[in-house]
Every structure is written in C-alpha cells, then in structure tokens.
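This briefing is intended for reading alongside the sequence and the coordinates.

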Amino acid sequence: MSTDTQADWAELAPHLVDAARHDRAWYLTVARELVAPGDRLAGDIGCGAAGMSLAIAQMMACGRVVAVDAHPAVLDTARDHLHAEWSDPRVRIEPLHADIPAETAALRETLGAPADLVWASASVHHVGDQQAAVTALAGLLAPGGRLALAEGGLPEHHLPWDVGLGEPGLEVRLHAAQDRWFARMRAELPDSRRMPYGWTEALRQAGLSPVTTRTTLAEQPAPLPDTTRRTVVKTLAGRVGRLRPTGLLTAADLDAWDRLLDPADEAWLGHRDDLFRLSARSVHLGLRP
Ligand SMILES: C[S@@+](CC[C@H](N)C(=O)[O-])C[C@H]1O[C@@H](n2cnc3c(N)ncnc32)[C@H](O)[C@@H]1O
C-alpha cells in the first residue's frame, strides 16, 4: 500500500510502461547524444520500465546495459518490457535488483568494469541522501565516462489558465500542491537530507568536470489526438487522486476537478479541443576526468 507520500511502486509499475512508451522518441534523441562511439558498458539506474535502457542499447554497436531498480515489481515489469522489445544479441540488457546508494558494491560487481555511461532519470530524487547517490554513481565511471541525471525541468502543463469551472489557475495550483507533496515525500524518506543546491553542483561535488545542462522543450499543441487526450485526462486523474487524501487541494478545487474528470459531466476534459502538452526536460551531464 502507498502512504500519502511514499510511492507504491508495485501499483505504479504498469504506468511506468506507459511512460516508457510515451517517452520513446525523447529517450532516443537523448541516447543519440549521450552514447559515444566505442561505449560498451552502461547503467540505467532506477530504470522503471527500462525505456532508456532500450534507447541506449539501440545506440551501442555491442556491449551491455545494466538496468537497475530497487523495487522487485518494477524490475519484473522491466523484464517483461525488455523481453517484448529487445532481441539483438550484440547488446545485452541485464535487469539487476539494487538499492542505490546502499547496494552500489553489488552493482559495481555486476558491471564488472568501470562504466562508459550511467543514466538516472527521476530516480535519485527518491533517495534520502541525493548527494550520496550521485557520488556513488559517479564512482562507477571509467575515466572519460559520463553520468547523466534527468532531474528538474518544468512540469507538464495541459489546461488553459481558465477552464470555466472554479477559480482560474486550477492547474497551477495542482502543480503547487504536487510540489508540497514532493517536499513531504522527501522529508519522510529514510536518511532524508536536504540538498540545498542544484544538480550541476551535485555532479561537481561528486568530482565530475565539466558539467553541463541541456533542457529540451516538449510540446504537443492543441488539438491533441484522441489517444493523447485520453492519456492527459488519465494523468490528471491520477495526480488529483494521489493528492486528494493529502489535504493539499482545496475543497473548491477538488469539486472542479471532479466535474472535469467525470466522463458523464458536460465539463469532462475529454470533450475539450484546447488541451495540450507542454513541458521542459533537463539532463545534467558530468564527465569523469
Ligand atoms: C519515477 S520512476 C522513474 C523511472 C524511469 N527512470 C523513468 O524516468 O521513467 C523512479 C524509479 O526509481 C526507482 N528507485 C527508487 N528509489 C531507488 C533506489 N534507491 N535505487 C534504485 N532505484 C530506485 C523506482 O523503483 C522507480 O522505478
């Protein structure tokens, strides 16, 4: 069972496959830039459904990608996804159960050699001591190896500022509530520590240099195709559902969301042609000298 703040990864595992499919094009674009000719060994840390493991493997001529996750149900999902999507024997993708940073030694052993590339997307922020995790991951790299952290950026927006129900700014307040939930989630993690600086500084403190950030805008303007519109409505319903028991949304906002998310209501978001997707995704990259 999930608590109000801690994710239930078994419950979320199927959604991670949807996310991996949705992000396929972005993963390929990023992997094309990150994987260098001659790379033979990579890690995908907190791999979820292993969407980025697949993209990295596609960019390698031969070698291994180790897809790491701390949660057995998620790793099972990754295994099934890899089984369905990957069969090229020149690059092996190996799922591995490991909790980072506590089980970094087991990961190092499985890698068997220093890595050319380590990727961690939206996973380090689930670790109590984020700097310890970044430092542990940097320690897996060969000289010239790269650690890429997909963290931060800007959350996805979908709705016009005024949707005609409740106070304008409904989605802005949803993001604000999400941000407060995130702060609670972090505070309640085991060994939780604040990291009062940005991801580039975390990479520098892990001994990496130079450190750079690349942010890409992800945009799908209105009107969205039906399948995407349904995905957006599902995403918003999931977010509102998770925030409902936390008390972080007002009763008036919940009333507005209930109508917007009810397919039987004339205000249902699925009827609207003005939904869109707009977000910014950052990848912070550090090089091991
Ligand atoms: C938000 S999901 C991101 C999944 C995927 N990387 C993506 O970007 O779609 C976070 C993932 O990190 C994993 N995770 C959380 N804490 C972890 C830890 N300490 N060590 C390894 N994996 C962890 C979770 O099981 C989950 O699969």
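On which residue is the kink in α1 centred? The kink is centred on H15 and amounts to about 30 degrees, where the bend at a residue is the angle between axes fitted to the seven residues ending there and the seven starting there. This is a predicted model, in which local features need pLDDT of at least 70, side-chain atom pairs count only at pLDDT 80 or more, and totals for chains, interfaces and linings use all residues. Residues are numbered from 1 along each chain as its sequence is written.

**Helix α1**

- Helix α1 covers residues 9–22, 14 residues in total; helices (H or I, at least four residues) and strands (E, at least two) are DSSP runs, numbered from the N terminus.
- From first C-alpha to last, α1 reaches 19 Å, close to the 20 Å expected at 1.5 Å a residue; the expected span is 1.5 Å times one less than the number of residues.
- A13, L16 and A20 are buried in α1. A residue is buried if 20 or more other C-beta atoms lie within 10 Å of its own, exposed if 12 or fewer, and partly exposed in between, with C-beta atoms placed from the backbone.
- An α-helix has 3.6 residues a turn, so residues three or four places apart point the same way.
- The packing partners of the buried α1 residues are α2 (24–34), α3 (51–59) and α4 (72–85); a contact requires C-beta atoms, placed from the backbone, within 7 Å.

**Overall fold**

- The chain contains 10 helices and 8 strands.
- Its radius of gyration is 20 Å, close to the 19 Å that the globule rule gives for 289 residues, so the chain is as compact as a globular protein of that length. The radius is taken over C-alpha atoms, and the rule is 2.2 Å times the number of residues to the power 0.38.
- The C-alpha trace spans about 60 × 40 × 35 Å along its principal axes, and 36% of the 289 residues count as buried.
- Of the contacts between residues at least 6 apart in sequence, 78% join residues at least 24 apart.

**Backbone features in loops**

- A cis peptide bond links S209 to P210, with omega near -5 degrees; P210 is in the loop between α8 (199–205) and β7 (211–220).
- The bond from A222 to P223 is also cis, with omega near -5 degrees, and P223 is in the loop between β7 and α9 (226–243).
- A50 has a positive phi of about 70 degrees although it is not a glycine. A50 sits in the loop between β1 (41–45) and α3 and counts as buried, with 30 C-beta neighbours inside 10 Å.
- A122, another residue other than glycine, has a positive phi near 55 degrees. A122 belongs to the loop between β4 (115–121) and α6 (130–138) and is partly exposed, with 15 C-beta neighbours inside 10 Å.

Technical notes:
Contact = placed C-beta atoms within 7 Å.
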